[in-house]
Amino acid sequence: MAYFDAASSEPLHPRAREALLAALDAGWADPARLYGEARRARMLLDRARADVADVLGVRPDELVFTSSGTQAIHLGVLGALAARRRAGRHLVTGAVEHSAVLHAAQAHEADGGTVTTVGVSRTGRVDAAAFAAAVAEPGTALACLQTANHEVGTLQPVEEAARACAAAGVPLLVDAAQTLGRLPVPPGWSLLTGSAHKWGGPAGVGVLVIRKGTRWRSPLPEDERERGRVPGFENVPAVVAAAAALRARAEEAEEENRRASALVDRIRELVPRLIPDVEVVGDPVDRAPHIVTFSCLYVAGEALLTELDKAGFAISSGSSCTASTLRPSHVLEAMGVITHGNVRVSLPRGVSAADVDRFLQVLPPLVRRIREEAGVMS
Amino acid sequence: MSRPIGTDRQQGAPTLTIDALGRKCPIPIIMLAQQINHVPLGGVVAVLADDPAAFSDVPAWCRLKSHTHLGSYELPGGGWAIHVRRNY
């Protein structure tokens, strides 16, 4: 099986696995207690926090662990909005943010707030001028922007957005889920979120960083864990493994990015040559190193994924027939590109060129066959 | 599945209607691609569809295939009439 779905979840990094197994024995006790086992769990948690903070270039006391990337986003967005209620109730987001951001925005609207959703170009890049104009509106409490899009890989204009936010005195939440452990975080944000299983850590660990001086108030009932910012007993072994994976990925980033990016270039170049009527989407240059997305006209995404699975490829799609909602991906819709026959290839650490070559061999006849079965002549 | 509903091209009125209501993408797009040559050059095809994917995919198909998406109009019973002008 060739695993090409790293944007959904990266396989557990070997260093994370080692760290997890050791921490299951050493870090099970309640880190809030005072006896020896508890102090050991606290020490492991503190060390993991310091490690992650070091890789991200932030202070350990600015960083808390959540139970997922989604929870980090929900807490970050709603907590920043709650703390800035007197400044205003206007929220600005990009149109292609992760659904966790859009759902938090919906909750804010349902609570009487207002939301401006800034559109994107054909390549999925947020219009920086429109974003800046929306942020400058009176009563803006918070702006949200991802580092890279999770479906098409396009990098967002985070530094420009951060400058506009600084000029307007508005905090910026940056969702870095697709780039932590791969790319450095652009400067200028006030809140930062991420998800460990996207960088090779275990599922069930997210990070929320709230810069010193940024106002934030928990939208949830009071709880003393994680500086009062995240409720519930910490999953110390998973946090330890997440930190080990992030450290390892940061060390490997240059080599892994070079490998993945060259293979993405190869797919971007060859797929439209080998298959007629294909649209490769997303920015060809300003992109995350590991993601490439294309749509094959006249092909049902579900049929394509099923056939690729049979051929030994684990891949995902933004087509509506593959979504539980039966709606096409909001990302592809916002970009105005073809949503059916969609394939998102996202390459994991250590991906082999041979697997990508085999994919490029298998795909063209497979698409041809599905089209013929649907009565489409090329 | 399709029926001509008139020949008035001056107003951009459709000369062919493709009824893809109840059909999931990519079927509405396949029907459009197969039948667009059934109207004369400059003629207009109306695709009736209620799959949300068709609402974005028909205009995207037009851009890729260099035809013109003239507009999408909500149907009283749900879905849209998506008008496309044949350019070549």
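Reader: What makes β10(A) and strand β12 (residues 342-346) of chain A a pair?

Author: In this predicted model, 5 bridges join β10(A) to β12(A), and the two run antiparallel. Pairing requires at least two bridges, so the 5 bridges between these strands qualify them as a pair. One bridge sets A:Ile291 against A:Ser346 in β12(A).

Reader: Which other strand is joined to β10(A), and by how many bridges?

Author: Strand β9 (residues 278-281) of chain A is joined to β10(A) by 4 bridges, again antiparallel. Here A:Val280 stands opposite A:Phe294.

Reader: Why is β10(A) called mostly covered?

Author: A residue counts as buried if 20 or more other C-beta atoms lie within 10 Å of its own. In β10(A), 6 of its 6 residues are buried. The cover extends to both faces: A:Ile291, A:Thr293 and A:Ser295 are buried on one side, and A:Val292, A:Phe294 and A:Cys296 on the other.

Reader: What makes β2 (63-66) and β4 (114-118) of chain A edge strands?

Author: They belong to an open sheet of 7 strands with mixed pairing, in the order β2-β8-β7-β6-β5-β3-β4 (chain A). Each of β2(A) and β4(A) has a single partner strand, so one side of each is left without a neighbour in the sheet. On average, neighbouring strands of this sheet are turned by 20 degrees against each other, direction ignored.

Reader: How do you know that β7 and β8 of chain A pair in the antiparallel sense?

Author: Strand β7 (residues 191-195) and strand β8 (residues 206-210) of chain A share 5 bridges in the antiparallel sense. A:Leu191 stands opposite A:Ile210 in β8(A).

Reader: Which strands does helix α3 (residues 69-83) of chain A touch?

Author: Helix α3(A) packs on the sheet and touches β2, β3 (90-94), β5 (140-146), β6 (172-175), β7 and β8 of chain A. The direction of α3(A) makes about 165 degrees with that of β7(A). Helix α4 (residues 99-110) of chain A also packs on the sheet, touching β3, β4, β5 and β6 of chain A, and its direction makes about 160 degrees with that of β3(A).

Reader: What are the domains of chain A, and how far apart are their C-alpha centres?

Author: Chain A is divided into domain 1 (2-6 + 253-373) and domain 2 (14-248). Their C-alpha centres lie 28 Å apart. In the contact between them, 23 residues of domain 1 of chain A meet 20 residues of domain 2 of chain A. On the domain 1 side, the elements giving two or more residues are α7 (236-274), β10 (291-296) and α9 (330-335) of chain A. The most come from α9(A), with 4 residues. By class, that side has 11 nonpolar, 7 polar and 5 charged residues.

Reader: Why is strand β2 (residues 16-20) of chain B called largely enclosed?

Author: Of the 5 residues in β2(B), 4 are buried, so the strand is largely enclosed by the rest of the structure. β2(B) pairs in the parallel sense with strand β3 (residues 44-49) of chain B over 5 bridges, and B:Leu16 stands opposite B:Val45 in β3(B). From β2(B) the chain crosses through helix α1 (residues 27-35) of chain B to β3(B), in a right-handed β-α-β crossover.

Reader: How many residues does each chain give to the contact between chains A and B?

Author: Chain A gives 18 residues and chain B gives 14 residues. The chain A side has 10 nonpolar, 5 polar and 3 charged residues.

Notes: Residues numbered from 1 in each chain as written. Chains lettered and ligands numbered in written order. Predicted model: local features only at pLDDT ≥ 70, side-chain atom pairs only at ≥ 80, totals over all residues. Contact = placed C-beta atoms within 7 Å. Nonpolar A, V, L, I, M, F, W, Y, C, P; charged D, E, K, R; others polar. Axes fitted to C-alpha atoms, helices over the stretch in contact; angles between N-to-C directions. Domains from an automatic or database assignment. Buried ≥ 20, exposed ≤ 12 C-beta atoms within 10 Å, placed from the backbone. Right-handed = clockwise from strand over helix to strand, strands pointing away.
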